[in-house]
Number of protein chains: 2
Amino acid sequence: MNNAHAYLINGSFDATITPLDRGFAYGDGVFRTLKVVNCVPQHWPLHYQKLVADCSVIGIVCPSPELLMNDIVQLCLPNETVVAKIIITRGQSERGYMPPAITTPMRVMMKRPMPTYLPEYTNQGVTLHVCDTFLAAQPKLAGIKHLNRLENVLARMEWSDPAIFDGIMLDTESRVIECTSANIFARFGKELLTPDLTQCGIAGITRQIILDTAHLHQLSAKIAPISLSELFSADEVIISNSLYGAFQVIKIGQHAWKSAQLAASVRKYLKYEQ
Amino acid sequence: MNNAHAYLINGSFDATITPLDRGFAYGDGVFRTLKVVNCVPQHWPLHYQKLVADCSVIGIVCPSPELLMNDIVQLCLPNETVVAKIIITRGQSERGYMPPAITTPMRVMMKRPMPTYLPEYTNQGVTLHVCDTFLAAQPKLAGIKHLNRLENVLARMEWSDPAIFDGIMLDTESRVIECTSANIFARFGKELLTPDLTQCGIAGITRQIILDTAHLHQLSAKIAPISLSELFSADEVIISNSLYGAFQVIKIGQHAWKSAQLAASVRKYLKYEQ
């Protein structure tokens, strides 16, 4: 992929990001990562709705869906499957935390290659690490995909073993919250449980779809706190994000599960077959 | 100030920041804000030492002091007093939280105008707001001046009254930690107390100087937790940062102090007279 033509800033190939952009200076912005197939962003209405909601939490007016779709169509080619990353910042301001009364948000649309996922992730499942880096509780920012992601970076730096696919992040009370780049679900019998994200974590749109369609898998969905030992006692554990849909978890530390079918069923519904 | 020539990226006026820079993508970097008088950065050894230490916490190798000083000399003019802002990011990488095995840090040196401080701030003191936005506890990032500053932005957005100079930020246990852009000190008799910053907050270099030189003001320095009601019972309260040195606090909400002399003594020592 030619990096020089792999992104648009405010719809332009020539615009640049300056150090006065508040996204760069303070992480004052939000983002989304989504799969684009043949120029069609997957689950676009949910992604756009979430982008608007996340912008709104920190007081940014989200650019119109038409502007963003125009960017996608300009960047992407027919017959390719790529990752689009959308970043919306509050725009430029003079130095200092106070935003000006009127700001012009900046939008970045990037096209990146799809990550390569091993066939065994789809056929069997993935192994997770349990991260030492915990997620701090900040209810004013919980759930939104903002640009302050140093906790995720530090957590992801904890392992380099390629056999480990992602890492579970806990909160300060040692409750399971999410993975560094995924949400997490545990099935107990007919109940599908995912952690509460009102104190920390990112509520992804794939998580939302899985919650909303749990009945299609004959499950009832529940949002509730869950400890690591409770997670280990689950019948199945799956993780989800917008790029791979869902993967079965077969190992966390010393605890192993047999491969099972929930992630495959979810992927089938999401149309995220490899 | 001509913005077009107000910053250098890796020592160049022509370099740009791309969306693949991890400072922009994740706030994966640190910064410093300092006063430069006649091309001479004030308290440079302490600033540089802190920059190196902060970089080290998140695993970035800080550029050499010579590179940074060259940037300052290139940007600043004799006979001007300006603000220099240094930003060091982990550099560029492909999308994803994991940094590559080898990264080349990016350095940004910006020159900005000094803020204008009213004479009454120096002669009398300043009024503070108490922020609703609290600082989340994250010991792995506490004390360092990293680029994840959304909490400070949200806190600063809480007031627009120009009579309020800064806002006190508390932690989740309602302990006083700092202001959005300053450290805070409370004098009780002969003891000068400043909050512990091992769970959250930024440990500024002016705070360090004030702690190290408390004896010059016949005070003993102490780092300890402090509640808002304890702060209200202090004989004097001052706030500090690298641009104004120190200001006396004369009002927080309904609680008022008579103007006093500690901030003036500190400024005199710091040579930060207006």
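Hi everyone, let's start with a cluster in chain A: Tyr117(A), Tyr121(A), Phe165(A), Tyr244(A) and Phe247(A) are linked by ring pairs. Rings of Phe, Tyr and Trp (its six-membered ring) pair here if their centres lie within 6.5 Å, with planes under 30 degrees apart called stacked, over 60 edge-to-face and the rest tilted.

Before going on, a word on the source: this is a predicted model, in which local features need pLDDT of at least 70 and side-chain atom pairs count only at pLDDT 80 or more, while totals for chains, interfaces and linings use all residues. Residues are numbered from 1 along each chain as its sequence is written, chains are lettered from A and ligands numbered from 1 in the order in which they are written, and side-chain values use heavy atoms, leaving out hydrogens and water.

Back to the rings. Over all chains, the count is 22 aromatic pairs. Take Tyr117(A) and Tyr244(A): their ring centres are 5.4 Å apart and their planes stand at 85 degrees, so this pair is edge-to-face. Tyr117(A) lies in the loop between β5 and α4 (119-123) of chain A, and Tyr244(A) in the loop between β12 (236-241) and β13 (245-252) of chain A, so the pair ties together parts 127 residues apart in sequence. Helices here are DSSP runs of H or I with at least four residues, strands are runs of E with at least two, and both are numbered from the N terminus.

Are these two tyrosines buried or exposed? Tyr117(A) counts as buried at 15% relative accessibility, and Tyr244(A) does too, at 2%. Buried means under 20% relative accessible area, exposed over 50%, and partly exposed in between, using a 1.4 Å probe and protein chains only.

Now the sheet. Chain A has an open, antiparallel sheet of 5 strands in the order β1-β5-β4-β2-β3, where strands pair if DSSP finds at least two bridges between them. Its edge strands are β1 and β3 (40-41) of chain A. Between β1(A) and β5(A) there are 3 bridges, and Ile9(A) sits opposite Val108(A) in β5(A).

Val108(A) also brings us to the largest nonpolar core, which has 30 residues; Phe24(A), Val108(A), Phe24(B) and Val108(B) have the most contacts inside it. Such a core is a set of buried Ala, Val, Leu, Ile, Met, Phe, Trp, Tyr and Cys residues joined through side-chain atoms within 4.5 Å. In both chain A and chain B, β1 (7-9), α1 (22-26) and β5 (106-113) each supply at least two of its residues.
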